[in-house]
Amino acid sequence: MQTILQISGLTKTYAGGFTALKGVDLSINKGEIFALLGPNGAGKTTLIGAVCGLVRPTSGTIHAFGEDMGKHWRRLRARVGLVPQELATDMFERVERAVNHSRGLFGLPPDPARVEEILRALSLWDKRDAQIRTLSGGMKRRVLIAKALAHEPELLFLDEPTAGVDVELRRDMWRQIALLRERGTTIILTTHYLEEAEEMADRVGIINKGDILMVDDKQAMMERLGRTEALITLAQPLDEIPEALGAFPVSLTEESTVLCYRGGGGEGDLGGSAEVAELTKALTRAGIDYTAIDIHESSLEDIFVDLLEGGAA
Amino acid sequence: MSLFNARSAWTIYKQELMRAFRTAMQSILAPVLTTTLYFVVFGAAIGGQMQGGMGGVNYGAFIVPGLLLLTLLGESTSNASFGIYMPRFTGAIYELLSAPVGVAETLAGFVGAAATKSLILAAIILGTASFFVDYTIAHPFYAFGYILLVSASFSLFGFILGIWADSFEKLSIVPMLILMPLTFLGGTFYSIQVLPEPWRSVAMGNPVVYLVNGLRWTFYGSSDVSIGVSLGLTLFFLAICVTFIAWIFKTGWRLRT
């Protein structure tokens with residue numbers, strides 16, 4: 001797997017003394033969608049800013065496309081795109097002109113056909129002559145994406161791309177991001193919507209207080225840290241957990257009518273569902289009747305919360 | 001990729017000029033109207049009553065270079081400062097900072113556009129002045145060069161101001177509270193030779209005196225101070241501004257966190 005971005009020992013301490021990044025090491029593979037998750041103030045935007053030239057790192061190195069960004073910033077920045085978190089652009093400018101401006105700023109010659117293609121793909125073509133200030137929040141965000149795509153970046157940063165966007169538009173953007181990946185663009189996105197990372201990302205990094213807590217393949221992370229939860233509704237309440245069920249990680253709810261199983265997952269153990277099947281057999285053998293089973297795997301959100309709580313503890 | 005990206009610089013330059021034309025009422029018509037009023041009041045009305053003129057020149061014609069400079073200083077400073085301050089204020093500066101654009105392209109774009117706007121204004125003002133007063137330009141080539149030099153210098157100064165300012169109030173403080181008084185007291189409406197001592201000596205400490213008189217020399221071939229001194233000081237000011245801006249880009253002062 002080819003590395004497109006290599007960050008080593010990156011630290012950033014602001015003038016006031018606040019350390020936003022504490023020796024971050026991170027590798028991004030060519031062609032992947034990488035989701036960087038973390039609470040507010042975790043260091044996500046600082047990390048993106050350091051790569052894109054908005055933030056001056058205190059120490060550490062950033063290599064993109066195999067070259068040092070500090071030394072070869074001119075040619076490397078031309079290959080990197082950024083969609084910022086804030087809706088920051090000249091609101092009095094018109095959509096098509098703003099996108100053309102971004103293309104020219106990055107040193108590319110005008111290409112009306114390419115700009116039209118971008119605007120059409122983002123459903124902005126009909127609004128091409130509109131002043132940006134007249135557009136809805138979601139459409140403004142699309143304009144920022146169009147501006148970032150105008151210079152055809154190979155590595156694209158999306159800093160909370162769907163913040164404040166309605167569900168329909170968000171799913172539409174996910175499709176656009178998937179299309180970009182199909183074209184070979186490497187995408188790094190930060191998001192508060194864990195559903196978004198779960199839906200799109202190949203790999204996930206979790207950052208908190210300037211430290212990268214974990215980086216892993218999304219599926220592997222969910223399998224390794226995930227848990228199975230099963231809620232078994234009993235036909236008759238139980239006073240206590242019977243001895244026959246003592247081997248299972250189960251508990252009774254306050255009403256004693258629901259048996260709650262939390263288990264499976266963990267290092268190398270993928271058997272949560274299988275263990276629930278064993279639990280139901282044990283119930284039958286013990287003569288305990290039940291009327292319903294609700295079983296689900298933990299989401300990326302559960303893992304995220306567990307990790308942050310673990311980190312805080 | 002070369003050390004100067006001409007297309008990037010042209011893109012910034014074009015956008016800044018378009019912004020000026022988008023706000024033509026404010027950036028072009030307003031200064032022209034203000035200067036025209038000066039010509040009407042001081043040049044045609046009051047100047048018409050002043051027998052013998054000033055410095056050997058008809059009073060209406062005498063104030064043309066000073067009024068031109070008054071507009072050039074204010075507009076060059078304001079245009080350049082506003083041009084860079086607005087993207088800082090809105091956050092849109094992220095695009096410039098993340099682009100493959102260095103100090104040369106940024107200055108060529110922002111300062112070049114501000115200086116161009118000043119040159120356009122100068123042409124309109126000189127054209128307008130000809131309707132109210134009879135004036136001549138003894139050294140048209142030098143006059144153009146000097147106007148260009150002053151426009152570029154104060155556009156650079158405005159660019160620094162736009163990076164330094166962190167509020168709209170600060171943005172307007174320097175043009176309104178420093179440049180305007182210095183220009184009014186710098187011989188725009190009078191020759192400093194008519195001032196009694198010690199005010200004449202005090203006036204020589206005002207840098208704008210040298211700018212006004214430099215431009216006045218290109219119009220009438222004579223002025224209160226030597227053209228060499230005026231030119232030297234203007235070039236020195238330009239060099240200081242360029243050096244300071246190079247330092248800003250090197251350190252990222254108020255641009256990059």
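# Report on a predicted two-chain model

Chain A contains an open sheet of 6 strands with mixed pairing, in the order β6-β7-β8-β3-β9-β10. The edge strands of this sheet are β6 (80-83) and β10 (211-217) of chain A, each of which pairs on one side only. From one strand to the next, the twist averages 15°. The structure described here is a predicted model, with an ipTM of 0.87 and a pTM of 0.83.

## The sheet of chain A and its helices

Strands of a sheet pair through backbone hydrogen bonds, in either a parallel or an antiparallel sense.

Helix α5 (residues 137-149) of chain A lies across β6 and β7 of chain A and runs at about 170° to β6(A). Helix α6 (residues 167-182) of chain A lies across β3 (33-37), β7 and β8 (186-191) of chain A, and its direction is at about 150° to β8(A).

Strand β1 (residues 3-13) of chain A pairs with strand β4 (residues 59-64) of chain A in the antiparallel sense, and L5(A) stands opposite A64(A) in β4(A). Strand β4(A) is also joined to strand β5 (residues 67-68) of chain A, again running antiparallel; here H63(A) stands opposite D68(A) in β5(A). The strands β4(A) and β5(A) form a hairpin with 2 residues between them, and F65(A) in the turn has a positive phi of about 55°.

| Strand pair | Sense | Bridges |
|---|---|---|
| β1(A) and β4(A) | antiparallel | 5 bridges |
| β4(A) and β5(A) | antiparallel | 2 bridges |

## Domains of chain A

The domain assignment of chain A gives domain 1 (3-222) and domain 2 (227-297). The centres of domain 1 and domain 2 of chain A, taken over C-alpha atoms, are separated by 44 Å.

Chain B has an average pLDDT of 89, and 99% of its residues score at least 70. Confidence within chain B is highest in helix α6 (residues 140-164) of chain B, at 95, and lowest in helix α2 (residues 24-46) of chain B, at a mean of 82.

Helix α2(B) packs with another helix of the chain: its axis and that of helix α5 (residues 103-129) of chain B come within 10 Å and cross at roughly 35°. This crossing of α2(B) and α5(B) is right-handed. Among the residues that meet are I28(B), V32(B) and F39(B) in α2(B), and L121(B), I124(B) and K117(B) in α5(B). The residues of this contact divide into 8 nonpolar, 4 polar and 1 charged.

The contact between the chains takes 24 residues from chain A and 21 residues from chain B. On the side of chain B that touches chain A, α1 (6-22) and α4 (93-98) of chain B each supply at least two residues, and the largest share, 6 residues, comes from α1(B). By type, the residues on this side of chain B comprise 8 nonpolar, 9 polar and 4 charged.

Methods
Residues numbered from 1 in each chain as written. Chains lettered and ligands numbered in written order. Predicted model: local features only at pLDDT ≥ 70, side-chain atom pairs only at ≥ 80, totals over all residues. Pairing = 2+ DSSP bridges. Helix = DSSP H or I, 4+ residues; strand = E, 2+ residues; numbered from the N terminus. Axes fitted to C-alpha atoms, helices over the stretch in contact; angles between N-to-C directions. Contact = placed C-beta atoms within 7 Å. pLDDT = per-residue confidence, 0-100. Domains from an automatic or database assignment. Nonpolar A, V, L, I, M, F, W, Y, C, P; charged D, E, K, R; others polar. Left-handed = near helix turned anticlockwise from the far one by under 90°.
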